[in-house]
Amino acid sequence: MRQRPFDPSSLYLDDPRLRMTVGGRMIVRVVGRVSYLVLAAAIFTFIFSKIHFLVWIGIFLLIVAADLLVHRGQGDVPISEISFGEGRIDLAKVTSPAAFGAIERALDRSIITRKDFSAELAHRLLESPVIAEGLRRLDVKTRDFKEKLEAILEKSGNARPGREEAEKAVEAILAAAFAQAVRAGHEFIQPADVFSALAKTGGEGMEMLFREFSIESGDLERALLFGSLTKRGFLRRLPRVLGGFGIGTHRMAKHRIMNRAWTARPTPTLDRYAVDLTDMARGGQAGFLVGHGAEYGRLIETLARPLNPNAILIGEPGIGKESIVHHLALALVKDNVPSGLFDRRLVELHLASLAAGAPPEELEARIKAIVEEIEDAGNVILHIPDIHNLVRTSGASYLSAADALMPVIMENRFPVIGSTYPREFKQLIEPRSDFVAIFEKIPVAEITEEEAERVLTYESVLLEDETDIEISFGAIKRAVALAKRYLRDKYLPSSAEELVKSALVDAERRGEKALGPERITAVAEGMVNVPMHEADEDEAEKLLHMEELVHERLVGQDEAVNAVADAIREYRSGLVRKGGPIASFLFVGPTGVGKTELAKILADIQFGSERMMVRFDMTEYQDKASYARFIGSSDGAVRGALTDAVLAKPYSLILLDEFEKAYPDILDLFLQVLDDGRLTDSLNRVVDFTNTIVIATSNAHSDIVNEALSQGQSMDQIAEYVKARLTDVYKPELLNRFSKIIVFKNLGPDDLMKIVAMNLAELVDTMKEKGIYLDFDPEALREIAKLGYDPAYGARPLRRVIDEKVRAPLSRAILGKKVLKGNRVKLVYADGVFDFVPEQ
């Protein structure tokens with residue numbers, strides 16, 4: 001399943017049938033079919049002949065016919081037998097008879113009817129059940145597609161191609177089909193490969209047709225896998241364990257230890273603490289791999305070299321380390337490895353079993369016995385998963401397993417493959433330079449979305465066989481996209497597999513027989529509490545009036561409110577730019593004017609709860625040591641506060657209070673975050689910020705705002721001046737990366753009165769539930785507003801004033817039975833004293 005690179009310039013087409021006339025090709029086809037009839041007649045006649053010589057000729061012809069029957073539907077040369085980079089490749093020789101026959105007939109019809117060749121070829125290929133199934137999985141009705149195709153044919157009159165032009169068109173289509181066949185792991189170019197190639201090389205008419213049905217070339221080639229995979233026999237050929245999902249019963253392969261030279265020896269102690277992966281691959285239980293071509297190539301090169309043939313795979317859980325090792329086991333079984341690795345066994349050592357209940361002396365004896373058996377056998381490659389646990393077995397009082405194995409590994413007695421995680425590698429292995437030096441470090445990266453779609457397509461065939469629920473390719477594509485974007489606690493393909501399986505469980509519970517993208521979206525929303533569906537009528541109305549919702553809880557600051565509302569509307573409409581967070585804002589202004597409050601309101605409205613706001617007080621990150629606390633230390637010992645928070649809540653609001661006080665290197669981090677929407681932490685994990693809103697607050701130059709306002713300047717004049725002066729505090733390149741810089745205005749007397757009313761409204765509602773009706777005298781409200789405002793802290797003291805002047809006296813009055821259930825009371829202010837008086 002691993003893609004093999006090839007040079008497109010090495011492809012050419014040389015087939016005499018394409019240079020023939022229509023009549024000539026027809027004669028060749030007739031002669032070919034007649035020859036089969038003649039062969040059948042000759043076999044029947046000669047075998048039943050009484051002449052001994054003719055009987056032997058009949059038997060020979062029967063063997064020839066049997067060979068033709070076995071290889072029926074195959075081209076001349078399988079793609080797997082081609083050595084890429086060693087000479088040119090004739091496309092005609094790797095094309096199946098079915099695919100070439102479709103091309104011949106489409107070319108003949110195009111010449112006769114003077115219609116477009118690509119459209120004729122597509123029309124012919126639609127007769128294939130594989131292609132019809134692929135289109136159906138894309139939710140495309142074959143009948144509708146065929147009608148549109150026929151319309152294109154009708155409009156393409158007088159399109160009769162010349163011989164050279166036709167040959168070039170066929171060569172271009174087959175070259176693209178060859179690339180598709182290599183990606184799909186086909187032995188020959190199949191009709192499905194040719195149909196997929198038409199999306200790229202079929203000309204303007206075909207391009208428009210595929211676009212009209214929203215069929216992308218990449219989607220088409222992966223959806224067509226459904227048609228080819230569901231053919232009879234596939235489920236027997238595919239490894240029965242795929243992406244962690246087991247299906248059916250496994251064929252138990254006989255344990256084989258002997259090589260072809262009969263020089264190997266049994267390994268009973270090793271077998272007690274290990275699993276033979278080559279046995280599993282031989283039994284069809286391991287070996288499937290999509291992607292990871294670079295990592296697998298480096299692994300093979302490392303194992304095949306004479307010195308230090310040891311490799312360590314470093315990657316997060318579920319990223320594909322085990323798949324790479326298991327694919328190596330299959331390659332060893334099939335001899336698809338360099339000659340130096342022929343006849344090797346790949347054996348996985350279980351450290352937990354090895355060290356279980358063993359005192360130091362016993363552990364050392366076990367390791368010694370295993371090493372001797374591997375050396376005597378001479379054909380074992382040892383795989384040690386979680387190799388960091390070797391180091392963990394060490395102690396002051398005895399020799400560790402690592403110390404026992406290290407001399408053996410350094411002497412190159414046998415190849416070793418280890419696997420570990422980035423954090424454990426940095427903390428446990430990297431400090432031991434002697435241990436690291438004997439291994440080739442191979443970081444394992446996450447596979448691409450396209451590769452994940454291919455994995456899930458294969459797995460979906462197995463899942464359908466198990467659950468009897470049909471999975472559309474749209475569901476697979478949606479699962480991969482949503483998992484990549486939102487389910488970042490795991491990596492592709494594991495995260496997408498988990499989502500598909502959860503959706504299948506949900507569909508089965510609902511009695512549904514088909515799994516589409518809508519069910520995937522609904523399940524994903526439930527898993528991460530993120531709105532992913534298109535906005536319905538109610539939500540659209542809410543988005544259109546978001547400013548009004550915000551102003552129910554925030555007074556003034558219209559510019560800021562409008563900016564955040566516009567950002568949310570763009571995000572929910574799918575218009576947000578690719579890369580970068582949903583939006584990023586720098587809120588500048590004095591303390592207590594609503595900067596943090598707006599962030600809380602936005603987290604509640606858009607993200608569902610204020611708990612979805614991740615808040616950082618940047619005054620805690622002012623020195624160099626705090627940099628490690630923010631994104632994690634280089635040795636992995638200290639976890640990153642920011643990176644871990646975003647990994648845990650990929651859809652959230654990030655609030656950076658007093659941003660200007662952060663350590664300069666931390667400020668520089670946000671150059672990448674605000675521009676690319678990603679950040680690489682100390683463990684080389686890529687943290688995704690594309691589903692976050694980043695809000696940084698700053699009190700920088702608030703003294704300028706206060707002084708200018710006291711001189712009677714307008715807020716618009718002040719805002720522009722403050723923005724220009726921000727370069728005194730921040731780098732210009734950082735300021736330019738914010739979606740918008742907003743200067744919050746100071747609160748006026750009317751604003752303060754509204755804020756007081758908002759804060760007291762909650763108390764009024766609470767008392768109403770207790771049967772007490774509360775009212776406020778205007779003079780009391782003005783005095784509360786006056787006491788609750790401070791030039792240095794804005795309206796922040798207001799809550800404390802309400803607690804002291806309203807809540808505390810009211811609580812005493814209730815406990816003292818001065819205010820009873822059913823009473824109406826009013827808060828008044830007279831002679832410098834607040835008091836509750838009864839109302840009639």
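This is a predicted model: local features need pLDDT of at least 70, side-chain atom pairs count only at pLDDT 80 or more; totals for chains, interfaces and linings use all residues.
Why oblique? Angles under 35 degrees count as roughly parallel, over 145 as roughly antiparallel and 65 to 115 as roughly perpendicular, so whatever is left over is called oblique. The crossing of α5 past α8 is right-handed.

Who actually touches whom here? On the α5 side you'll find V130, I131 and L135, and they meet P191, A192 and F195 of α8. Sorted by class, this contact has six nonpolar residues, no polar ones and no charged ones.

Now for a second pair, α22 (residues 449–467) and α24 (residues 494–509). Here are both pairs in one table.

| Helix pair | Angle between axes | Distance between axes |
|---|---|---|
| α22 and α24 | about 25° | 11 Å |

With an angle of about 25°, α22 is roughly parallel to α24. Their crossing is right-handed. From α22 come V455, L456, E459, L463 and T467, while α24 brings A496, E497, V500, K501, L504 and E508. By class, that contact has six nonpolar, one polar and four charged residues.

Next up is a sheet. It is open, has five strands, and the order is β14-β15-β18-β13-β19, with parallel pairing. Which strands stand at the edges? They are β14 (613–617) and β19 (740–743); each has a single partner strand, so one side of each is left without a neighbour in the sheet. On average, neighbouring strands are turned by 20° against each other, direction ignored.

Zoom in on β13 (residues 583–588): four bridges join this strand to β19, and the two run parallel. Within that pairing, L586 stands opposite I741 of β19. The sheet has a helix lying across part of it, too: α31 (residues 641–648) lies across β14, β15 (652–657) and β18 (692–698), and runs at about 175° to β14.

Finally, a look at charges. Side chains of opposite charge can pair when their charged atoms come close. How many salt bridges does the structure hold? There are 37. One of them links R282 with D279, where the closest N and O atoms are 2.9 Å apart. Both R282 and D279 belong to helix α13 (residues 277–282), and they sit three residues apart, about one turn of the helix.

Note on methods:
Residues are numbered from 1 along each chain as its sequence is written. Side-chain values use heavy atoms; hydrogens and water are left out. Two strands pair if DSSP finds at least two bridges between them. Axes are lines fitted to C-alpha atoms, for helices over the stretch in contact, and angles run from 0 to 180 degrees between N-to-C directions. Contact means heavy atoms within 4.5 Å. A crossing is left-handed if the near helix is turned anticlockwise from the far one by less than a right angle, and right-handed if clockwise. Ala, Val, Leu, Ile, Met, Phe, Trp, Tyr, Cys and Pro count as nonpolar, Asp, Glu, Lys and Arg as charged, and the others, Gly among them, as polar. A salt bridge is a side-chain nitrogen of Lys or Arg within 4 Å of a carboxyl oxygen of Asp or Glu.
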